[in-house]
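Biologist: Could you walk me through reading a model like this one? I would like to go from the whole chain to a single residue.

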Amino acid sequence: AVFDLASFESASFLSAHFDGRASFAGLGTEFAGKTTFASAAFAHDVVFTQAEFDDHTAFDRATFASHGIFIGADFTSVSFDDVRAAKSLDLTGVSADSASFTNTVADSVSLRDATFSRSGIVFYRVVIRDLDLAVNDVAYVKGEPRVALKLIEQSAKNRDDLAIANDAYFKERVLASSRHGTLLHTLDVFF
């Protein structure tokens, strides 16, 4: 199904099944109003590259049997809660006021070069084998920033990127020690 350069007003693809490759791509592709792909099933790649979403967009409970490609998409807010992605969710270069990943299971999630506002990213109870997120962007993570750092660390180790793995480990340890009281934090400095 090809919907490139299409405009949608308050679109609902609730429980839709896409048996072939689906494309909603291009700078002219716009979703005005609330948009839902909740419980949608994508059997092959789905492409939302450079699409614009002007209101909240929900992919909650969607299943991606292949790649979900959102490179350069512009979201107001987006949720991928309870999503199952057998391959990758590629959100490289997206911009969003907020993004939610709660109970999300994915082989790979890339948020490289993504920009978020203070509302940030929610990671809560996620299972992601490979998370590509800059260590400094964890400042935007709400929910479980230490879990996000551990995911970044393990993913970087798997890619043999020890510099990023060490940065993530150090930042996670700093967050862990900030939860200790003053006495324990002082002892951390010396030992």
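Modeller: We will start with the overall fold and then turn to one serine. This is a predicted model, in which local features need pLDDT of at least 70, side-chain atom pairs count only at pLDDT 80 or more, and totals for chains, interfaces and linings use all residues. Residues are numbered from 1 along each chain as its sequence is written, and side-chain values use heavy atoms, with hydrogens and water left out.

Biologist: How many helices and strands does the protein chain have?

Modeller: Helices (H or I, at least four residues) and strands (E, at least two) are DSSP runs, numbered from the N terminus. Here there are three helices and 17 strands. The C-alpha trace spans about 60 × 30 × 25 Å along its principal axes.

Biologist: What share of the residues counts as buried?

Modeller: Buried means under 20% relative accessible area (1.4 Å probe, protein chains only), exposed over 50%, and partly exposed in between. Of the 191 residues, 47% are buried.

Biologist: Why does Ser 100 count as buried?

Modeller: Ser 100 belongs to strand E13, residues 95–102, and counts as buried because its relative accessibility is 14%.

Biologist: Which residues is Ser 100 in contact with, leaving aside neighbours within four places in sequence?

Modeller: Contact means heavy atoms within 4.5 Å. With those neighbours set aside, Ser 100 touches Val 78, Ser 79, Phe 80, Asp 81 and Val 122.
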